[in-house]
Amino acid sequence: MQTDKKTLFKRWGIVLAAVVLAWVLFNMTFVGEIVRSVVRIFTPLILGCFIAMIFDIPAEAIERLLLKIKWLSKKKVLVRAVSIVFSVIIVVGVIALVLLLVIPQVVNVITMLITNIPYYQEQINNILDGLEISGFSIDLNTIQEYIDLDSIKDSLVERIPSLLEASFKTASGAVGAIADFALAVVFALYLLAGKDKLKSQSKRFIRTFFKKRSETIIRVSRLTVTQFENFVSAQCTEAIILGTLVTLGLLVLGVPYAPAMGVVVGVCSLIPLIGATIGMIIGAIIIVAASPIKALVFIIYVVIIMQIEGNLIYPRVVGNKIGLPGIWVLVSIIIGGRLLGIPGILLGVPTCSVVYILINEKMNKNDSELQDKSGEH
């Protein structure tokens with residue numbers, strides 16, 4: 001009788017979960033707003049956890065290396081502090097290197113555009129002269145009759161208060177974002193410095209208040225952290241490979257700003273699935289100012305590399321690392337993107353991988369139990 005009740009509860013639980021999932025899928029906009037509101041409150045903490053995971057990847061490698069030295073093996077506090085400092089230096093150094101490669105190229109493009117304004121003006125005049133010769137002359141006086149400059153000026157004056165208000169909101173948002181990021185970095189450093197103590201306290205809390213499910217919760221938490229770290233390291237590896245391939249190819253093809261474009265595409269590819277495309281568009285806009293033909297060559301080459309990356313590199317590097325098939329990577333990106341935008345895309349893949357692993361473990365356990373029962377009969 002008790003077994004029947006458990007089975008009934010499980011079935012109703014599955015039905016309820018299916019109904020909730022269907023409601024969420026059909027009300028993605030509303031759910032997304034709720035999730036965004038909640039996430040906005042905890043942004044510094046969530047961002048801090050994400051930064052801590054990024055810092056922790058090189059920090060753990062450095063810590064393992066330092067602990068092999070005999071006179072440091074017993075000084076774990078010192079080793080932890082040194083590893084965190086070196087990890088921060090490495091991450092900040094990489095970011096600085098990226099900026100040093102990209103920013104000068106962007107400045108060069110802007111300078112070139114400003115310098116070439118007389119040339120562009122001459123080209124426009126040549127086009128207008130050509131149209132006039134062909135009989136398609138443009139009478140500026142006629143155009144001015146249809147354009148009421150006074151009304152345009154009055155409209156702009158009326159919009160000044162709203163423009164100032166929008167500018168103030170943007171500035172406030174930027175200040176808030178900088179403050180959130182600063183708090184997140186401080187929180188990340190605290191997490192890294194006291195992660196052993198934090199792990200111990202978390203285990204004690206879970207075992208005290210969730211006695212029956214404590215080991216399951218601890219295992220799932222450990223799996224979640226591992227999958228997030230695997231995802232971050234795999235994305236970074238894939239970005240380095242893609243950026244290197246793009247740089248080498250552009251150098252061979254003689255496309256301008258090759259190192260900077262490789263960095264742009266590589267950094268943007270940290271966003272799963274759509275990142276490389278974003279990088280390609282940004283790169284094409286920069287290159288087209290120098291040479292439209294070279295910009296076309298850049299687009300064609302990056303599209304080819306993206307096909308190779310999508311079909312060969314990404315499944316092997318990222319898919320194998322987190323154990324998630326390509327179809328579920330796509331599903332997690334779509335759902336995460338609809339809920340939280342780009343942060344949702346970044347969080348969706350590792351979250352989906354955790355759910356996928358747990359479901360697979362449950363199904364494998366169920367299959368083995370069925371096989372054992374059939375073996376007994």
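Helices here are DSSP runs of H or I at least four residues long (strands are runs of E, at least two), numbered from the N terminus. All the views show a predicted model, where local features need pLDDT of at least 70, side-chain atom pairs count only at pLDDT 80 or more, and totals for chains, interfaces and linings use all residues. Residues are numbered from 1 along each chain as its sequence is written, and side-chain values use heavy atoms, with hydrogens and water left out.

View A. Helices H1 (2-26) and H13 (326-340) each put in at least two residues, and H13 gives the most, with 5. Ile-335 itself is partly exposed, at 34% relative accessible area (buried is under 20%, exposed is over 50%, partly exposed is in between; 1.4 Å probe, protein chains only).

**View B. Inside the largest nonpolar core.** This core has 26 residues, and Val-246, Leu-250, Tyr-257, Met-261, Ile-287 and Phe-298 touch the most other members. Helices H4 (76-115), H9 (214-253), H10 (258-268), H11 (275-288) and H12 (292-322) each supply at least two residues of the core, with the largest share, 7 residues, coming from H10. A core here is a set of buried Ala, Val, Leu, Ile, Met, Phe, Trp, Tyr and Cys residues joined through side-chain atoms within 4.5 Å. Zoom in on Ile-287: leaving out neighbours within four places in sequence, its contacts (heavy atoms within 4.5 Å) are Val-255, Pro-256, Tyr-257, Met-261, Lys-294, Ala-295 and Phe-298.

View C. Glu-60 and Arg-64 pair up through their side chains at 3.9 Å, N to O. That makes the cut-off, which asks for a side-chain nitrogen of Lys or Arg within 4 Å of a carboxyl oxygen of Asp or Glu. Both residues are in helix H3 (residues 43-67), 4 residues apart, or about one turn of the helix. Glu-60 is partly exposed at 27%, while Arg-64 is exposed at 52%.

**View D. Salt bridges across the sequence.** Asp-196 meets Arg-80 at 2.9 Å, N to O. This pair links distant parts of the chain, with Asp-196 in helix H8 (residues 195-209) and Arg-80 in helix H4, 116 residues apart. Asp-196 is partly exposed at 46%, but Arg-80 is buried at 10%. Arg-219 and Glu-361 also form a salt bridge, their closest N and O atoms 2.9 Å apart. Arg-219 lies in helix H9 and Glu-361 in helix H14 (residues 342-376), so this pair ties together parts 142 residues apart in sequence. Both partners are partly exposed, Arg-219 at 37% and Glu-361 at 34%. Elsewhere, shared partners join Asp-56, Glu-60, Arg-64 and Lys-195 into one salt-bridge network. A search of the whole structure turns up 7 salt bridges.
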